[in-house]
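Hi everyone, thanks for coming.

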Amino acid sequence: MNLSAGDAGDAGGTGSTGGAGDGRDPGQPRALHPGELRIEVRRTGPVRIVSVAGELDRDSVDGLRTALAGLPEEGLTRILVDLAGLSFCDSTGLNVLLRARQEAEPAGVRLELAGPRPVVVRLLAVTGADTVLRIHSSVAIALAADGGRPSGAGPTDPSGPGPAAPERP
C-alpha cells in the first residue's frame with residue numbers, strides 16, 4: 001500500500017505515488033515536493049514495515065496514523081517504521097509514533113524504528129523518545145535483530161549511548 005499526504009483520508013485504499021502521464025517510469029517513485037509525505041506499507045512474515053519519506057508534520061500525519069492502525073493483525077509481532085527517507089518530523093509525528101507504540105503493546109506487538117536521519121535522531125534524543133522506542137540503524141539490521149528484546153528497551157547497541165551509535169547484528 002502506498003499513501004501520500006493527499007491520500008490520508010482514504011484509510012481503506014491504496015494511495016498512489018504517481019501515475020500515467022507524469023513522465024516517469026511506472027516502477028519508479030516520483031520525487032517528493034517540499035512538505036509532502038509518502039508512506040509505503042508491506043509485510044514480511046510477522047513484521048509490518050511502514051516506510052516513511054518526506055516531511056512528517058501536522059498536515060501529513062494522518063497518513064502515518066492510518067498505516068500504523070489496524071491491530072490486532074493475524075500473526076503480526078512487530079511494526080517496523082523505516083524512517084530512512086524522513087527529512088523532517090515535528091512533535092505531531094512523534095506523538096503518533098509514541099501513541100502507536102502504546103496501542104501495539106497490549107496486542108503483543110512491538111513498534112520499532114529503523115534508519116532515522118540525524119535530524120530525527122536529535123528529535124528522539126531531545127524528547128527522550130529514544131529511551132522508550134527501540135531504534136535500529138537500518139531495516140536490514142532490524143529484521144536480523146534478536147526479536148526477544150522487549151519494546152521500550154532503547155537503542156539496540158550496547159556499546160554506546162543513544163540511537164546514533166552503530167548497531168551490531
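Predicted model: local features only at pLDDT ≥ 70, side-chain atom pairs only at ≥ 80, totals over all residues.

Let's step back for the overview. The chain has 169 residues, and 44% of them are buried. Its secondary structure comes to four helices and six strands. If you read from the N terminus, the order of elements is β-β-β-α-β-α-β-α-β-α. Now look at contacts between residues with a separation of 6 or more: 59% of those join residues 24 or more positions apart.

Let's begin with the hairpin. Strand 2 and strand 3 run antiparallel, and eight bridges join them. One example is Glu40, whose bridge partner in strand 3 is Ser51. Two residues lie between these strands, and Gly45 in the turn has a positive phi of about 60 degrees. Thr44 belongs to strand 2. Is Thr44 buried, exposed or partly exposed? Its relative accessible area is 38%, so Thr44 counts as partly exposed. If you look across from Thr44, you will find Arg78 at 10.0 Å, C-alpha to C-alpha, although the two are 34 residues apart in sequence.

How many of the five residues of strand 5 are buried? The count is five of the five, which means that strand 5 is largely enclosed by the rest of the structure.

Who are the neighbours of strand 5? Strand 4 runs parallel to strand 5, with five bridges between them. Within strand 5, Ala114 has Asp82 standing opposite. To get from strand 4 to strand 5, the chain passes through helix 2, and this β-α-β crossover is right-handed. Strand 6, residues 134-136, is also parallel to strand 5, and three bridges join these two. Here, too, there is a right-handed β-α-β unit, made of strand 5, helix 3 and strand 6.

Let's zoom in on Ala114, which sits in strand 5. Its relative accessibility is 0%, so Ala114 is buried. Leaving aside neighbours within four places in sequence, Ala114 is in contact with residues including Leu80, Asp82, His136, Ser138 and Val139. Arg134 comes back here as well: its C-alpha is 8.5 Å from that of Ala114, and the two are 20 residues apart along the chain.

For contrast, find Ala140 in helix 4, residues 139-144. Ala140 has a relative accessible area of 57%, so Ala140 is exposed.

Next, the inside. The largest nonpolar core holds 30 residues, and Val50, Leu64, Leu68, Val81 and Leu113 have the most contacts inside it. Which elements supply at least two residues each to this core? They are strand 2, strand 3, helix 1, strand 4, helix 2, strand 5 and helix 3. There is also a second, separate core of six residues, and Ile49, Ala114, Val139 and Ala142 are among them. Coming back to Leu113, its contacts beyond four places in sequence include Leu80, Val81, Leu97, Leu124 and Ile135.

Last stop: two helices. How do helix 1 and helix 2 lie relative to each other, roughly parallel or roughly antiparallel? Their axes come within 10 Å and cross at roughly 10 degrees. Angles under 35 degrees count as roughly parallel, and therefore helix 1 and helix 2 are roughly parallel to each other. Where they meet, helix 1 brings Val61, Leu64, Arg65 and Leu68, while helix 2 brings Thr92, Gly93, Val96, Leu97 and Ala100.

To finish, please go back to strand 5 on your screen.

Methods
Residues numbered from 1 in each chain as written. Heavy atoms only, no water. Core = buried A, V, L, I, M, F, W, Y, C linked by side-chain atoms within 4.5 Å. Buried < 20%, exposed > 50% of the residue type's maximum accessible area, 1.4 Å probe, protein only. Contact = heavy atoms within 4.5 Å. Pairing = 2+ DSSP bridges. Right-handed = clockwise from strand over helix to strand, strands pointing away. Axes fitted to C-alpha atoms, helices over the stretch in contact; angles between N-to-C directions. Parallel < 35°, antiparallel > 145°, perpendicular 65-115°, else oblique.
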